[in-house]
Amino acid sequence: MSIARPIFVASIGNPSPTYTNTLHSAGHTVLTLLRTWLLTPPFEKSRPYASGLLSTSPDYTLWQSPSLMNLSGKPVSTAWRTFLSSLSTQEDKSAARLVLVHDELELPIGKIKVREGKGASTKGHNGLKSVLGALPAMDFTRVGVGIGRCVSRESRDVAAYVMRKMTPDEVEILADVAGQVSAVVREIRRGVR
């Protein structure tokens, strides 16, 4: 028998409009596209949810962090606690799952990697380090969205690479990725994953 878990899908990236569709904000881009896959309403700014963008339906709650990537921990923690307090039963609160969508430099664009649990490496991702610092004892699902890697390993070159705007072709690829992430989120909701 499968269950229907309350699901909170959060994305981390840099704030819009300045950083909209940059590689480092691929999590936000995918979450925006995921809204249509999961049939949730348009995003609205929500003060109780750390002033992030919120889209909520009976089945899913989607939320975009309003902070800079490297400072994501506190707003994610605040939004997660607000989400839990909105649930009516202790059973729902215990079953609720956080799914965190973020960019993944080590994966080719168009690929995703799903990691369960708190023990998975951050691979130097400062946004993930911030979230894990704010939620140190919590198990949650991480969905890394591949953005590819520049040839150089120099930090200046990597920073320039992740901060660049995506091409229209890359945005289209992420539309397909949103479908993959949708399947993962639906499996989590049903308790299959």
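Hi everyone, let's begin with two helices: α1 passes α6 in a right-handed crossing. Please keep in mind that we are looking at a predicted model.

Where are these helices in the chain? Helix α1 covers residues 26-37, and helix α6 covers residues 168-190. Their axes lie 8 Å apart, and the packing angle is about 65°. That makes α1 roughly perpendicular to α6, because angles from 65 to 115 degrees are counted that way.

Which residues make the contact? On the α1 side, you can pick out Ala26, Thr29, Val30, Leu33, Leu34 and Trp37. On the α6 side, the list includes Val171, Leu174, Ala175, Val177 and Ala178, and also Arg186. Sorted by class, the contact between α1 and α6 has 11 nonpolar, three polar and one charged residues.

Now let's turn to the sheet. Strands of a sheet pair through backbone hydrogen bonds, and the pairing can be parallel or antiparallel.

Finally, let's zoom in on one pair of strands. Strand β1, residues 7-11, and strand β4, residues 60-64, run in the parallel sense and pair over five bridges. To find your place there, look for Ala10, which stands opposite Trp63 in β4.

Notes: Residues are numbered from 1 along each chain as its sequence is written. This is a predicted model: local features need pLDDT of at least 70, side-chain atom pairs count only at pLDDT 80 or more; totals for chains, interfaces and linings use all residues. Side-chain values use heavy atoms; hydrogens and water are left out. Axes are lines fitted to C-alpha atoms, for helices over the stretch in contact, and angles run from 0 to 180 degrees between N-to-C directions. Helices (H or I, at least four residues) and strands (E, at least two) are DSSP runs, numbered from the N terminus. Angles under 35 degrees count as roughly parallel, over 145 as roughly antiparallel, 65 to 115 as roughly perpendicular and the rest as oblique. A crossing is left-handed if the near helix is turned anticlockwise from the far one by less than a right angle, and right-handed if clockwise. Contact means heavy atoms within 4.5 Å. Ala, Val, Leu, Ile, Met, Phe, Trp, Tyr, Cys and Pro count as nonpolar, Asp, Glu, Lys and Arg as charged, and the others, Gly among them, as polar. Two strands pair if DSSP finds at least two bridges between them.
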